[in-house]
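Look over the structure below with its ligand in view.

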Amino acid sequence: MTAWRTRPTRQVQALREDLHAARYTVDHLTELLGPEAIAAMGREQVVPAVRRARTCTAPAAVLARLFVLGDQVTPAEVAAALPRCAEDAAELGLLAATPGGTVRALLDLRPVDLGTGPLHLAADLGEATTGRAVQADHVLGLGGASRTLAELTVPTPAARALDLGTGSGVQALALAGRCATVTATDISTRALEYAALNADLNGARLDLRAGSMLEPVAGETFDLIVSNPPFVITPRAEGALPAYTYRDAGGTGDAMAEALVTGLGAHLAPGGVAQLLLNWEVHDVADPFARVRDWCARSGLDAWVVGREVADPCEYAETWLRDGGITPDRDRQAWDRGYAAWLEDFQIRGVHGVGFGYLTLHRPAGPGDRPAGPGDRPAGPAGQWLRAEEVTGPLPGPLGPAVAATLTAKDALAGLDDAALAALPLTVAPDVTEERHYRPGSAHPEVIVLHQGGGFGRSVRADTALAAVVGASDGELTPAQAAAGVAVLTDTAPEAVLESVIADIRGLVLDGFLHLPGYREE
Ligand SMILES: C[S@@+](CC[C@H](N)C(=O)[O-])C[C@H]1O[C@@H](n2cnc3c(N)ncnc32)[C@H](O)[C@@H]1O
């Protein structure tokens with residue numbers, strides 16, 4: 001028996017049919033409202049979309065006014081847009097009558113496209129719609145972080161998937177099409193009610209469980225774990241700030257993140273991947289990854305941290321005060337009190353900044369597999385792959401396929417010493433281009449840069465030998481053969497050329513500039 005309220009299946013089914021009949025999809029709304037209004041909505045500005053939607057009688061426009069834009073509509077418009085479920089809409093908790101005789105939404109319900117098939121997602125109404133700060137038990141809909149994680153997630157099918165801190169269920173729903181079973185946990189029963197509604201609305205089966213982080217899955221292992229956890233580092237000073245369940249799991253500093261990362265080893269099956277978004281405290285500005293690297297080492301898993309930014313304590317406090325609807329204009333005292341509490345909390349632990357980034361953990365399959373479970377090994381025990389890198393700025397497209405390809409390349413490279421790698425015919429990836437810069441009048445390039453069009457959109461400096469070996473990688477020549485050719489042209493020993501490029505070749509294979517034989521698009 002579930003510990004949370006679920007809505008009657010027949011009525012949810014009627015709603016589902018109405019949403020489909022209305023063509024309530026991202027594409028159709030873009031047609032109706034226009035790309036400018038949609039772009040403004042992305043900046044939390046609803047005025048252009050409201051103006052446009054009010055001129056349109058299409059059912060999808062009426063639904064958008066109600067459930068996304070915070071507008072009120074007439075009962076007749078509701079009856080036309082939701083012919084099957086209008087009568088049950090109040091009982092379903094969708095709509096309420098206003099004193100003025102119009103109808104308003106009680107929840108946010110919008111079409112979502114995460115590249116895994118169109119979804120409908122219900123969640124609490126946001127601040128942009130209500131104009132009010134959200135409540136402490138607010139259940140998030142699709143936020144920027146939700147989309148980032150969904151697009152970062154490896155697209156590989158998995159037998160058993162787990163979404164920790166599922167909220168509206170958005171990650172779990174994105175996984176449901178390609179994973180045989182999807183378990184989703186949350187501490188909030190309100191969140192689980194939304195996740196159950198969203199599962200029914202999207203015809204997905206989710207195994208929903210109430211409880212804190214990994215507690216509800218004690219003793220179980222999964223092939224894919226995702227989490228956009230409540231990672232916000234929050235001061236605990238009495239009365240300084242509300243405790244928002246969607247962003248704060250309690251505890252001091254980044255303790256939740258530490259417990260999660262070090263605990264995941266016990267839950268990842270061989271070959272399994274875990275992907276998280278995280279904040280971590282930076283105590284030493286010279287090594288912003290120190291804490292998260294230590295947690296990764298203790299997880300016993302291969303780990304890859306992509307650091308996206310480090311916020312200074314003031315920026316961090318301001319961001320999260322505003323996120324909770326506290327601004328200096330609205331309530332100067334609450335702003336000052338909260339700001340001071342954050343700075344005090346950071347000062348106590350010597351926090352100089354807060355890192356934000358993406359973490360991918362991987363338990364290699366097969367004989368090289370290492371024991372599960374949290375451990376107390378020092379950072380980087382022998383055989384463990386730990387990569388922490390800063391990747392700032394905009395990134396092209398969904399990253400999931402590139403992450404999956406990197407994990408595959410990482411395991412393949414682990415079994416290849418330099419001689420074995422040099423003897424394989426490599427292929428330069430189709431999205432790689434080369435840029436050369438010359439001093440005026442010079443025949444030789446001063447700077448050569450290899451650019452990656454997809455994946456992480458990396459750019460790598462190359463010398464002429466490396467550029468020549470990459471350029472010769474047509475799927476037939478090996479690096480050793482290409483290096484021999486360069487050696488002839490430059491009157492150098494072939495071994496010296498190969499030695500000068502092989503570490504870079506390894507890196508280029510890892511990052512997808514070069515493909516090993518048998519490479520398959522993820
Ligand atoms: C940032 S939201 C993520 C929601 C959703 N997964 C997404 O990607 O948009 C974090 C979720 O963690 C839940 N949460 C907070 N504390 C938790 C805990 N101790 N254990 C499990 N879930 C928790 C919140 O209720 C919220 O739904």
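Which residue places a backbone N or O atom 3.3 Å from an oxygen atom of the ligand? That residue is Gly167.

## Ligand site

The model is predicted.

For Ser146, a polar side-chain atom lies 2.7 Å from an oxygen atom of the ligand. For Asp186, the corresponding separation from a ligand oxygen atom is 2.6 Å, again from a polar side-chain atom. Gly167 uses its backbone: an N or O atom there sits 3.3 Å from an oxygen atom of the ligand.

## Helices H2 and H5

Helix H2 spans residues 26–33, and helix H5 spans residues 59–67. Their axes come within 10 Å and cross at roughly 95°. This angle falls in the range 65 to 115 degrees, so H2 is roughly perpendicular to H5.

H2 contributes His28, Leu29 and Leu32 to the contact. H5 contributes Ala60, Ala61 and Ala64. By class, five of the contact residues are nonpolar, one is polar and none is charged.

## Helices H11 and H12

Helix H11 covers residues 255–263, and helix H12 covers residues 290–299. They pack at an angle of about 30°, with axes 7 Å apart. Angles under 35 degrees count as roughly parallel, so H11 is roughly parallel to H12.

On the H11 side, the contact is made by Ala257, Glu258, Val261 and Thr262. On the H12 side, Arg291, Trp295, Cys296, Arg298 and Ser299 take part. This contact has four nonpolar, two polar and three charged residues.

## Confidence

The protein chain has a mean pLDDT of 93. Of its residues, 96% reach 70 or more. Residues 368–380 have pLDDT below 50. Beyond near neighbours in sequence, that stretch has 33 contacts in the model.

Methods. Residues numbered from 1 in each chain as written. Predicted model: local features only at pLDDT ≥ 70, side-chain atom pairs only at ≥ 80, totals over all residues. Heavy atoms only, no water. Axes fitted to C-alpha atoms, helices over the stretch in contact; angles between N-to-C directions. Helix = DSSP H or I, 4+ residues; strand = E, 2+ residues; numbered from the N terminus. Parallel < 35°, antiparallel > 145°, perpendicular 65-115°, else oblique. Contact = heavy atoms within 4.5 Å. Nonpolar A, V, L, I, M, F, W, Y, C, P; charged D, E, K, R; others polar. pLDDT = per-residue confidence, 0-100. Polar contact = N/O pair within 3.5 Å; in protein donor to acceptor, adjacent residues only side chain to side chain.
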